[in-house]
Amino acid sequence: MQSVRRLPTLITSLSILISLCPLLSAANSGKSSLWGNKLEFKGPPCLWQLHPEVRVPALTELSVCILLRRTVSAEWTGFLYRSASTKKKELGLGGNSEQLKVWLFEKQYLIRQKLKANEWHSICLTWSAKKQKLKVYLNGTILKEEPLFTADPHQQLAQNGTLTLGVSHVVHPTGGVQPESGNDLLGEIGLFRMWGKEWSAEELSSLGCVEGDVVRWDVQQWKYDCPPLPDNNLHCNWSNYKIHMWTSITDLTNPENCSLSLQGITRNWLSRIFPNNISVQDIIVSSQRPTCHVNHQQNLAEKSNLTCVKCFHCEVHVSVDPAADVKTVQTDISALLSEKFSYNFLAIEAVHDSISVLPAGIFAQVTGPPPTLTTLLTTSERGLTRSAPLQPANVSTTGEPLDLTAVAVMPDQFFRVNLTLFIRGNPLRPKDTIEKWLKQQLEVNRTMIVVNLVIHEDFGRSMKEFSGLMTPYNKQKQYYCNFHVQEFRKNNVTDVEFLLYVALTSKYENVSFAIQSTNLSVNHIEPKNCLEEEVSSIYGQYIWPETFPQAITEMRCRKPDSNKAYRLCKLDIETDRTSWADPNMTNCDRLVTISDISNITVTPGNAAEVVDIIQDLVDVQLSNNSQLSSSELGSVVEKLGEVVDVSVLEPEVGGDIVNIMSNILLSETDVTPVADILLDLTDQIGNNMEFQGESANIKAPAIAFSMINADPDNFSGLTFGVSLSSTMNPEIFVNQSFVSQPHAEANATISLPSELTNFFPPGVRNTTRVQFQFYGTPDLFQDPYLTNETERNWTLNSHVVSASVNRSQVINLKERVVVTFTHLTPTNPENKVRCMFWDFQKYGDLGGWNSNGCETQNISSHQTSCLCDHLTHFAVLLDVTRSQLSETDMVVLTVISYIGCGVSSIFLGITLLTYLIFEKLRQDYPSKILINLSAALLGLSLLFLVDTWLSSFSNYGLCITTAAFLHYFLLASCTWMGLEAVHMYFALVKVFNTYVPSYLLKFCAVGWGIPLLIVSLVLAIDKDAYGSAVPELAGVALQSTKEFCWLQNKHFYYVTVVAFVLLVFLGNMTVFVVVLVQIKRMRANKPLANSRSAMQDFRAVVGLTVLLGLTWSMGFFSFGPGRVVMMYLFAICNSFQGFFIFLFHCLMKENVRKQWRAYLCCGRFRVNENSDWSRSVTADRRKKEGNLVNSDSLPSDNTSSIKSLTPNHNPRHIHTARWQE
């Protein structure tokens, strides 16, 4: 310090001379830094590899972090590091759409984790030889911790290897890098760093923008052939930096100056050139040299006049407050250090090319603000500006404390700000954008902070043109903002209000959006302190002292006394008043357990305190265990019952009790033994609660209550509805009238008629209370006798909702209560649903579901409406007798259905091609009928295969079209099966004197026209009859739970599908029996036919069964004990029907095989075109007659097996050449 004080005396006769020191590090860090840039990989030839001059040391521990974004879901590589000696994979990261792949020491580790495309993901790998564990982190959360087993205790990462980003590579014998194709990253990399230390999970989360010490995010460490691209969304704000530089000091007059402290001179120099928001923390001087080698010519006379020249390397740690963008800090600091600094005759300068500014870890003596990563608004646009001295803050913009140990000496000033903001453009998260903009405008100098920010969007306002700075734009959105400003310096109120006005009325605009404020009001408020308060909890008794607004006070824990508890004096944004927030007891141990609450005596004075203790105990217990034991549950329920019995409940206490119940119900605790007690407890809560106004609502996860004080004179009904989000948070809708239609967003709605006034208790009529309850979990309503032979197999398929009137039993209503439920599982037309109520007296007061007094009205597959004549707890139950299948059966049946349809599609296509290509095979009617049947079945199979995929697009019109075509081809397939039967009847029963003009044309009109007519009628009557439904409607074979485009209306389903298929089946079965009888008679008259084998007869019968579609009848018998077996048979036989048709009516036909051999084979397998078979076909053509019953009308070898069953009883019509096989 003495040398620093002498510094002013050293500047009497110095002249400025700048010496440049040798280049030691990279170029100017502001220019070479990759912060704020990204690497874009669109495929070859983009290659980023570690520069050969950058040496990676042999590491016994390491950490690697990469920030990447995939734009295409394909195989990808993040980075790969190979050994220079063995050329093997030492370290790497890659993956595909389903999993991550990590390489370490030649071994690959697979992690089942999907990375969403077009989103940034931070992935970190850590390892150390000492712990022998590989840890993988995704976005700060650990994904895998893999123990490593190696025989080498001194294992280390190979040194001086080759590293590439975005692509895999191999190493040439010459040491060059050759990219590998096939698994390149198609996307972007925004950050890559490597450290020679294994960071813990906590250390990784605090790294923020810290630069790697092995591999840095600096362009000079990389060799590349595609340049980096700037990205304004990749900003990293950081406070702590480490500067490396060579510094030159020259003095022309006094040789004694050479003995002065270099640290002192450097600190004095930096304090003069840095702005106030950059503070120097530490300076380390090393590698001193007598002089620096200069790179430019100097005047010899000037060199001879130098009395002191020094060149030294220094490492400087600085803190930037507030945190600023890394790229901006690097550029600004480099520019400041590169400028020549002279003070009289003293000259100091940092060698320009030696300056390296790196974001560093938090220094031990520095307690700066935490890092912030932002993709919207940053301080980078403002740069590093000189500012007033900093004032510490203890609360962040979210209202949370930054420094829990800060102690306020005197209260700060507070201002309430209300303003309206217009955002033009489309920011990704508008509310986050607003918060960042406010922080940038008001917290730049840390003299004030924003707390208790509340933002509401105005959805109803249509934006119009505004005057002044507001620019009209069709994408403008309006937001109302309310917040407090906490000002630390206690400046003049008028001055602070003026500063706030100036900061908040300035317009902000960038390339993607603009922010403009209006209707700004700033009011100075003077909130009172939080008064001393004594609190008893499970952590002991604490007396919290009087505390300033938005300040945090601390107290020693009762156990252990070495830790501390904290509590915030919260300023409320709604009332501008202070109140104590809940204490933070995280570091304290509890002194009371659940078993101890039985010793607490509940009084009206301590009821709220007892509930708080129980809530804390339950929360702690469930955080450590998945459930409460039966004894713990009994103690909690008993004590809550005492609270409700001895005191009039305030809404806050009632809400706490409901939250306790919610936590228990959502845990794995078995509440069945105390279910009735809890239901009675909820009724008492609603009846005993005192509240201001006409109504009060209580909400907790999966539970919602509403209490309404009804006026009998003005009572016209009540409607209560609740919607439950995916996070189990309910939303309540109340209408002071009877509404029969359900609320559009509600999962359950109950409407009470005006007749309810007849059941209001006499006396003081204006105190009548109507209570509604909603339960999003069925745990309190477990009926053990639902599954039995008499009650069938019922399951709860809705949430539970109830209504009651204080001190009244509402029964036998003439005007029905309307209760509408949304199904938990969509129903099918064959499913039975029933409205029921919870009967507390059923099964000897055990409780159970009862349907008396309720009428069920099905609305759709997603909703059911109930009309009931009493009030209690209602729900919808689903009969799952027909749909109860194991998960294994469902998966197997689904797989069989899809495989069968796929195989059938292939072989039906082969069958069609065979008959269409070879003209000789389609000379008769049966073959032409077979072609039409195959075409219909092919359309049905293909549509079945793609139906689920088309349904996934959630396109209304596409789904209706798909369902209509699927319906059409199903009906067409059944119709052509029926026409096969009709043709067999004409051919074998009515053989003689039968002539039908335009025979095949009429068949086509029926086979394709009737299905078209039916589908057209359905579309004309109600096109919404088609839509997305559960796939079981498509046939009992498919048991997938995915959406399926098909008939939704059960009436259309039964009439146009079930009835139609049944009608065709009955006709085909009749024809099948008649044909078999006819064949038997014919064989009895022709003894020669008895020479046929039983196998031939069996083959012919099976062929007929497949052709007539008799296997579809199995769907009508899939019930009872053999249901599962029948479903498997149905799935196999019908999904493979196309394959069976190919087998029996194509592959096993001699004439088809001969055609294949004649035209598709070669060599000795080929059949001569002029064979006897060919000549017989030609002869048959010449004998063709106009009669129906001729060679073309009868089943032949190329189409049907009927010929093989029919004796050669009429040579006129059946040619012996075809009979021979």
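Trainee: Where does Glu532 sit?
Mentor: Glu532 is in the loop between β28 (513–525) and β29 (533–537). Keep in mind that this is a predicted model.

Trainee: Is Glu532 buried or exposed?
Mentor: Glu532 counts as exposed, because its relative accessibility is 59% and the cut-off for exposed is over 50%.

Trainee: What about a nonpolar patch on the surface, which residues form that?
Mentor: Phe498, Leu499, Tyr501 and Val502. Together they have about 430 Å² of accessible area.

Trainee: Where does Tyr501 lie, and how exposed is Tyr501?
Mentor: Tyr501 lies in helix α8, residues 493–505. Its relative accessibility is 47%, so Tyr501 counts as partly exposed.

Trainee: Switching to the backbone. Which peptide bond into Pro322 is cis?
Mentor: The one from Asp321 to Pro322. Omega there is near 5°. Pro322 itself is in strand β19, which covers residues 308–325.

Trainee: And what is omega for the bond from Lys559 to Pro560?
Mentor: Near -10°, and that bond is cis. Pro560 has its place in a loop, between β31 (552–556) and β32 (564–571).

Trainee: Next, phi. What is the value at Lys87?
Mentor: Near 65°. That is positive, and Lys87 is not a glycine. Lys87 is in the loop between β4 (76–82) and β5 (89–95).

Trainee: How accessible is Lys87?
Mentor: Lys87 has 28% relative accessibility, so Lys87 counts as partly exposed.

Trainee: Now Gln132. What is phi there?
Mentor: About 50°, positive, in a residue that is not a glycine. Gln132 lies in the loop between β8 (120–128) and β9 (133–138).

Trainee: Why does Gln132 count as buried?
Mentor: Because its relative accessibility is 13%, and buried means under 20%.

Trainee: Let's do a helix. What span should α6 have?
Mentor: Helix α6 runs over residues 326–338, which is 13 residues. At 1.5 Å a residue, α6 should span 18 Å. The expected span takes 1.5 Å times one less than the number of residues.

Trainee: Which residues of α6 are buried?
Mentor: Val326, Thr328, Val329, Gln330, Ile333, Ser334, Leu337 and Ser338.

Trainee: Jumping again. Where is Asp713 found?
Mentor: Asp713 is in the loop between β35 (703–709) and β36 (718–724). Its relative accessible area is 69%, so Asp713 is exposed.

Trainee: What separates the C-alpha atoms of Asp713 and Thr757?
Mentor: A distance of 8.7 Å. Along the chain, Asp713 and Thr757 are 44 residues apart.

Trainee: Last one. Where does Leu143 lie?
Mentor: Leu143 lies in strand β10, residues 141–147. Leu143 counts as partly exposed because its relative accessibility is 29%.

Trainee: And how many residues apart are Leu143 and Arg112 along the chain?
Mentor: They are 31 residues apart along the chain, and their C-alpha atoms are separated by 9.0 Å.

Methods. Residues are numbered from 1 along each chain as its sequence is written. This is a predicted model: local features need pLDDT of at least 70, side-chain atom pairs count only at pLDDT 80 or more; totals for chains, interfaces and linings use all residues. Side-chain values use heavy atoms; hydrogens and water are left out. Helices (H or I, at least four residues) and strands (E, at least two) are DSSP runs, numbered from the N terminus. Buried means under 20% relative accessible area, exposed over 50%, partly exposed in between (1.4 Å probe, protein chains only). Patches are made of residues with over 30% relative accessible area and no salt bridge: like charges are joined within 9 Å, nonpolar side chains (Val, Leu, Ile, Met, Phe, Trp, Tyr) within 5 Å. Accessible areas come from the Shrake-Rupley method with a 1.4 Å probe; for residues, only the protein chains shown count as cover. A salt bridge is a side-chain nitrogen of Lys or Arg within 4 Å of a carboxyl oxygen of Asp or Glu.
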